[in-house]
Amino acid sequence: MANSGQKVVLITGCSSGIGLRIAVILAKDEKSRYHVIATMRDLKKKDKLVEAAGDAYGKTLTLLPLDVCSDESVRQCVNNVKDRHIDILINNAGVGLLGPVESISIEEMKKVFETNFFGVVRMIKEVMPDMKKRRSGHIIVMSSVMGLQGVVFNDVYTASKFAMEGFCESLAVQLMKFNIRLSMIEPGPVHTEFETKMMEDVAKMEYPGADADTVRYFKDVYLPSSIDIFEAMGQTPDDIAKCTKKVIESNNPRFRNLTNNLYTPIVALKYADETGGLSVNTFYNLLFNFGPLMHITMSILKCLTCSCLRRRTISPN
Ligand SMILES: NC(=O)c1ccc[n+]([C@@H]2O[C@H](COP(=O)([O-])OP(=O)(O)OC[C@H]3O[C@@H](n4cnc5c(N)ncnc54)[C@H](OP(=O)(O)O)[C@@H]3O)[C@@H](O)[C@H]2O)c1
């Protein structure tokens, strides 16, 4: 149970990756300022988190089951929090989806929206009324660079994050009137199971419904470039957790928080040309015309991107 003075933080999707690291970093805060309620849909997956939390487990970190796709699970979880008092809600749970649109069923697409969009909306709807009554709170949403810029073959995942960005951009204004802050965290590539799971799955799949050229562009052009980008520009879950902690601890938390400043120029492209041509043509050329050049650039970047060159928009350090 939280001590008086401790902020209660509820985090979704803590079985692995970014959510796990945010839970651990906040629970191990040197001044014990947080009581972390780390949630996951299957508590059988708790071991990695419990091990990483060490002594903090049972003190500044407790566990609750939560599936963001279930109204009942969300309601039960929040009801299990003392007085339903949550100071900081971190919406981290998310799923990816990669591949040619022709080979993805509408059902699979809906599952992505159910988690990445409606899962967040469901959580906010459950927690926000209590925050409004108290006239305080901070809601964090784990978005992505792909919430700001579309990326080829990530059409549905990108759409789910765009939807989230639009929802939050609208809601943030109303919430400010209730002294509730809303912040988006927008990582580029991060080395987690998310990426590993997706890359392993896609390499094996056949993609029925997509023509041979599209499958070739996806497997032989997009995937190798994507792996290059992850290797050259990828951050760690710890980087993202430290950025998130900074946002929480800021006196005036920003609404948008890109975690990797290597992506700032990419995101800027779309705002530099209102016709949209600049970003669409640039991505087309990067993928289809300058593939080998991009591979060399990424290899050089990989060598160069030591911490001194990574002055991020919100530095994790
Ligand atoms: N990795 C990247 O490159 C990257 C980049 C930008 C943004 N992000 C975002 O970062 C967030 C965390 O992803 P990650 O990279 O840490 O991936 P991850 O290691 O796969 O973690 C995703 C977490 O979400 C949980 N989850 C999935 N569906 C859920 C549901 N219905 N209810 C509750 N939890 C659910 C997973 O739980 P299970 O173990 O039960 O599946 C897992 O704990 C996601 O929102 C993702 O979109 C990731």
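Guide: Let us begin with α1, which passes α8 in a right-handed crossing, meaning that the near helix is turned clockwise from the far one by less than a right angle. Helices here are DSSP runs of H or I with at least four residues, numbered from the N terminus. This is a predicted model, in which local features need pLDDT of at least 70, side-chain atom pairs count only at pLDDT 80 or more, and totals for chains, interfaces and linings use all residues. Residues are numbered from 1 along each chain as its sequence is written.

Visitor: What angle do α1 and α8 pack at?

Guide: α1 and helix α8 (residues 237-249) pack at about 55°, with axes 8 Å apart, where axes are lines fitted to C-alpha atoms over the stretch in contact and angles run from 0 to 180 degrees between N-to-C directions. That makes α1 oblique to α8, since angles under 35 degrees count as roughly parallel, over 145 as roughly antiparallel, 65 to 115 as roughly perpendicular and the rest as oblique.

Visitor: Which residues of α1 and α8 meet?

Guide: On the α1 side they include Gly17, Ile18 and Arg21, and on the α8 side they include Pro237, Asp238 and Ile240; contact requires C-beta atoms, placed from the backbone, within 7 Å.

Visitor: OK, new topic: how are α4 and α5 arranged, parallel or perpendicular?

Guide: α4 and α5 (residues 155-177) pack at an angle of about 20°, with their axes 9 Å apart, and they are therefore roughly parallel to each other. α4 also passes α5 in a right-handed crossing. Among the residues that meet are Met109, Val112 and Phe113 in α4 and Val156, Tyr157 and Ser160 in α5.

Visitor: And what about α3 and α4?

Guide: Helix α3 (residues 71-79) packs against α4 at about 35°, with their axes 10 Å apart, and α3 passes α4 in a right-handed crossing. Asp71, Val74, Arg75 and Val78 of α3 make the contact with Arg122, Met123, Glu126 and Val127 of α4.

Visitor: Which residues come nearest to the ligand?

Guide: Of the 31 residues around the ligand, Gly13, Gly17, Ala93, Gly94 and Phe194 come nearest, where a residue is near if its C-beta atom, placed from the backbone, lies within 6 Å. α1 (17-27), α4 (106-134) and α6 (193-204) each supply at least two residues of this shell.

Visitor: Where is the pLDDT below 50?

Guide: The protein averages a pLDDT of 91, and 91% of the residues score at least 70, pLDDT being the predictor's confidence in each residue, from 0 to 100. Over residues 307-312, however, the pLDDT is below 50. Where pLDDT is low, the predicted coordinates should not be read in detail.

Note on methods: Contact = placed C-beta atoms within 7 Å.
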